Structures are given as C-alpha cells and as structure tokens.
Amino acid sequence: MSDSERQTMTSLGTLELPHQWSEAWQAAVKPLLRSDEKIVSWFEPNLTEHLRFGRGLVILTNHGILAHEVVDPQDEVSGKNPATPSKNMAASWKRWDFYDGLELRKIDRAGLGSLELIDRTGLVSSWRYTASQINGAATLVTDFRRLGSGTDAENTGSVCPSCGGPMLEGQVLCSNCSPTAVPDTTRSLLRLVRFAKPRVWMILLGFALTVLSTSAAMIPPLLTKPLMDDVLIPYQNEKPADFGLVPWLLGGMVLAALLSWALGWAKTYVLSSVSERVSADLRNATYDHLQKLSLEFFGGKRTGDLISRVSNDTQRICDFLSIHAVDFATDLIMILITAVLLFWLDPKMALVGLLPFPFIAWIVARVQARMRAGFARGSSAWAEMVNVLADTIPGIRVVKAFAQEHREVARFQQRNDHVLQANDRVNRLWAAFSPIITFLTDIGLLVIYGFGAYQIYRKGITVGDLSVFIMWVSRLYLRLDDMSRLLANAQRTAAATHRIFEILDRVPSVAEPTRTVHPGRLQGRIEIRKITFSYGSRQVIHDVVLTIEPGEMIGLVGPSGAGKSTLVNLVCRFYDVANGAIAVDGTDIRNFPISEYRSNIGIVLQEPFLFFGSIAENIAYGRPEATREQIIAAARAAKAHDFILKLTDGYDSLVGERGQSLSGGERQRISIARALLTDPRILILDEATSAVDTETEREIQEALDVLVQGRTTIAIAHRISTLRKANRIVVLERGRVTEIGNHEQLLALEGTYFRLNQAQKQMNAGDTIDALETEDS
C-alpha cells in the first residue's frame, strides 16, 4: 500500500482496502472489533517469515494492534488464504492492547524491512515487507507513536518529504527520519551558506549596493518636508514663499530616484549572478554526491523522486536566491533604515508607527511552521507524480502491450490530484494570512494619521513632518507586506532544501579508504576469504571461500536466489562484505580508491544499458578519449562492426533512449565492445546471453571468446553450455559453495550441477521436438 493510497480510518465503515481483498477482510475484521473500537490506520506486510511473498494485515486501532499472519496467497488451505477467508479465520488473528512499555519500530535496509512490536521483555511480534511497503510501515509507526503520546490520532498532519510517512503538526521530517528537534526555516536556509562562501566578496559588494540604493530611495521623502513647510503651505496661507527652491528640490528628487535606480540595477545584477552560481554549485554538488552513493541508497529510492530533487528542488532554491532573497535583503535594509530615520524624526511617532510589528511577528511565527509542512507535503506529492512519469515513459511498451493506458492516466491523475490538494491547503492558509497583514498595516497608517493630526494640533510637528513620516511609513509597511509575501517562498524553499540535504547528508555505505593503496594495472588474482553478506536480516552469502588465478575463467551456476549476482556485486565492490574480505593481487579491495579499482573491471550485463547518443559514444563510454580507430577495432572484435555499417549514419547513428532502436543482440554486442575498449583485467559476465535467440547467442559467444582472453573472468549463466570453456565451475546454493570443478568433474559427482545439466538437456530436447513438429505441419 503506497502512502498516497492509505487513508486514516475512523470507523470500519470507512475502511478502504485493496479492491481484491476488501470484502473478505471487512467480513473477517468486523466481528473482531469491540463496540467502542475504531480503526486508525493499517499496513500490509508482504513477506512471510521465510521471506516468501505473501499477504497479511496489521491494523492499528484506538485499543491496540490487531494483526493477521502473512501467508502465501497460493495457500488454499481454508482459513489461511487472506483472499478467501473462512469462518475460522479468527484463529489466524492476534491482538495486543496498549500497555506501558509497548513500542512499534521499523528497520529498513537494502530494500527489505521489518516492523517489530517490542516491550521491556523483548520482541513481541514482527512482520516483514519489501521496499514497496516502506511508506505504509512508516505511517503505521507514526500513528502508533501518536496514539501513545496522547495526540489526536485522527489528525493526520503532514507528509514527510523523506519517507512519505505522516508528521506531527510543525514537523519538517517525521519522527522516524528526524528524531531530534525539527530545524526551523532559517536554519534550513542557512545551510546554503557554505555554497556562498567562495563568493563572499561579491555578496558583500551586493549588500553595499543594496544599502546605497536603499539610502538613495529615502532622499525624495526627506526633500518633501522643505517643499511642504517652506513653499507650498506658506504660499497657501498667503505668506512669503521661496518658489526658487522648487526646481532644486524636484531636481534633487529626480537625481535621487535615478541614483537609486542605477544602484538597484547593479545590486540586482551582482546578487542575482551570485545566486545563480550558488544554485549551479548546489546542483553540481547534489549530482556529484549522488554518483558517490552506493547501490543500497538507490535501491530504496524512486527514480522520479531523485529527478524531482535534483531538478525541481534545486530550481526552486535558485528562484528563491536569485529573485526573492534579493528582494528580502532590500526590504530588510529598507525597514532598518526607515526605522532609524523615523526615530530620528520623531521618537513618539515612530513608536506609534511600529505598533503593528509585534502582531505581525506573532502571526508569522504561527503560520510559518504550518506553511513549511504544507510545502513539504506538496514536494512529496510532486515527487510521487514524477515517479509515475519515470515508471511509465521507459515502460511505455509494456503499458501499450497490456492496453493499460487508461489505468496509467488514472494513476497520474490521482497523483496530480494529490499535488492539487496539497497546494490547496497552502493556498487556503495563505489566502487568510496575506489579507491579515495588509489589514494590520492599513490600521497602522490610520493610527499614524490620527496621532499625527493630534501632534499638529498640539504644534508638536509640522504638516511637512507628517508628510515625510507618512511617506516613510508607507514604504516601510509596503516592504513589510512584501516580506510577508516572501514567507511562502521561504517555506517552499526550506522544504526543498531539506530534500536536497537529505541527499547531501547521506554517507555512502561503500566508503573510500582511509589508507589508500593505488591499484595501478592489476594482474587479476582474486581471493574471496570466508565472506558473509546480508540484505537486511536475510543472509545471502555464507562463508564463501574461493581463489581465482589471473586469466582464469570461473563459471557461477545455481538456482535463482543462490547469491550469484550478489557475489559479483561484492567483487565489484558495489556493496561491502559484512565479514571476511575480498582481496585482489593480495590487497583488500576496501583499500583501493573505488574509481581506480573499478577501472580495472569490465561488466557485460544480461540487459545492457545504452545511453542516448551515438553508437561511437556508447562504445567509448568507459574511455571517452578513445580514437575512432580504437572504437572500430573494439566493434570488430565484438562482432558489431558489420551491423553498425548497415545503419544510416554508421557509428554516428543515434541509438535512442536506452538503445531502443537496436535489437537485444545488437545492444549486447555494443556492450561487449564497450567492455573491450577499456581493456579490463577482471571481467564480469552476468547472464550475457540468456535473453537472446540461439543464432544471436552464437554470435555473442564468439565475441565473448575474444573478450575473455587473458582476463580473469567470472561468468554467471543459466545455460550450462555457455560455461564449458570455463576453467572451473562453482555451484552456489543458498549462498554457499557446494561444488567446484570443471564440466566433466562436476558431472561425475552427480550432484546439483549434474541435475541442472540433465534438466537443461531435457528442455532442449523438448524444444527440438517442438521445432520438428512445427516444420512437419
């Protein structure tokens, strides 16, 4: 259940479950609820205790936890299958009422999670789930804690921009993501200062220009006083007036306005230039850090969410810094200068003019936390909408093949509606906030007019003094109103800043070494020294010991889930082992700089990934400086040269996004050419021929025969026939090495390898018979 589908429940009548379960669960749950019991929220764990996919349900009520065990949906035993519950299904339910010390926590790692109910004695119960259910688990934990703290469970609050779970009012991240005090907006935006430090002198210049332009803008009101008191009012009262001052006063006003404009233009140019460069540095730093993060991070994130952070959130920060921050600085300096001048002109009038400030400050303090939470909810909703695009556009063939266009349109509309709802909440708040600020400033002006008239009546000030005061206060209130409008942009930017720094604060699980050993050109001797590795609580590699000599080809076989791909991921150091070590040429690979070590490794995957661009650019991806002759030589060796020449633009032909304009075999041969061009010492072949037909497999195999020569090679294959040239074959079962030897030796053992070989022979024989029968017909 995604967080967008989950709703906080107040009664069984409003309980909304997956459509295929709804009636079954409704019928099963209703008799179990007490008369005063209400459902608050629910969660679907989808892994059994043996880590098989299944279906279960954990319900949070105002009394406690009500849960059904996770069972395999293929289990047709009465009372077990949640899709078809029986009358005796109540036996599969368990209940835990709230009591002192009862806690609910979640543990997530590498795409798997565990929801644990604990008390002072230890573990009470647990439920396991995959990455698709992480948000639902976060939701349940947050609601559980809210009930335990006495907070109104029906107040769903905001959505956490990090995990998608709900937050308490005023939080920027939920309790799971940020157990400490929630940072305020100022602190969030101040974290951007480190990106501004390299340009501190330009910033100081910009602020100096701001002070000068603001000061120049204060001159025209000041010249109004002599114009009123010495010229206009005496003339109106038929007293002597020096009209010779008028041109000078008006000229001074014009010159002051021109000076203010020129300085303002320079100020805007300087500060906008700085902010654009700060934003560019932020984007570069975010993308650079993303490239340094380990695969474990990407396994728990949606592509659309990351794209939204790097593009939309950084652009929002850029807009704020280049436009609104400049306006904010100008407004702040204007308010400070105006306040000083007001007290210089008349302290009593100044105090009266500043009366609305405490009320405005109180309203801003009350509103800003709610707006920040609203914008965080909007950012999360926007990321979910982008996720739909990131899923459907690359998978458009599948969408059309299954005629699911209407379903995907409905899914996008649903996510878009969530964006609209999130923005509507903020707009409702803003619609009430902004007019209140305007109303308070208008009241302030009326008070000044009244107090000023009283002072004139008492001969305390002149009409000219009041005119200057009114003009300055009007500008002050106008700036104050503008600053209040900037609040919305500041909160929106603060939410975006949190999402950016969630990436920048993440520490790679595969870290660079503290004591560096530069690998140089490796020989390729690999020693796997009794390693273990786990995905979360599931251990997938158990005490594996293996030595591979330089230039030796090792084949890895075994059933699905045996740990073959995990083992080569550890050799490539996409993950770090939990125990033991992997050494290359006698040195622990954790002592090598990651990029230098991986430059010695070439990988050919089952589904080769090609970037949008020309064929030549894709072949030279790992070696951008390669000449056209070297690219062609690699393509010839990979048996790709002939089909490339048949394309319209040859090596300059565009392959389309992900290489969709090429066949699977053509993409694979370009992938082999890409690996050949880097001349790796260690070669990883991960099911390189499993997804192609027999003829294409033969062509790819010829290219691979060239590729493996003189290189330490680890080849994963389900088709045993592709491993007969391997020096040794290693059989993995449940993360353990069970057999090692060449093809003939393993057949003689009549173990797992023998059974796999026999099964494939029978399959191939069946395919041959089917082909002959087709030809006869």
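How many salt bridges does a search of the whole structure find? The search turns up 18, counting a side-chain nitrogen of Lys or Arg within 4 Å of a carboxyl oxygen of Asp or Glu. Keep in mind that this is a predicted model, where local features need pLDDT of at least 70, side-chain atom pairs count only at pLDDT 80 or more, and totals for chains, interfaces and linings use all residues. Residues are numbered from 1 along each chain as its sequence is written, and side-chain values use heavy atoms, leaving out hydrogens and water.

Select E37 and R95 to begin: their side chains form a salt bridge at 2.9 Å, N to O. E37 sits in the loop between α1 and β1 while R95 is in strand β4, so the pair ties together parts 58 residues apart in sequence (helices are DSSP runs of H or I, at least four residues; strands are runs of E, at least two; both are numbered from the N terminus). E37 is buried at 8% relative accessibility, whereas R95 is partly exposed at 27% (buried is under 20% relative accessible area, exposed over 50%, partly exposed in between, with a 1.4 Å probe and protein chains only).

Next, pick R628 and D652, another salt bridge, with the closest N and O atoms 3.1 Å apart. R628 is in helix α18 and D652 in the loop between α19 and α20, 24 residues apart.

Last stop: show residues 526–535, strand β10, which runs antiparallel to β11 and is joined to β11 by 7 bridges. Within that pairing, S534 has Q539 as its bridge partner.

Notes: Two strands pair if DSSP finds at least two bridges between them.
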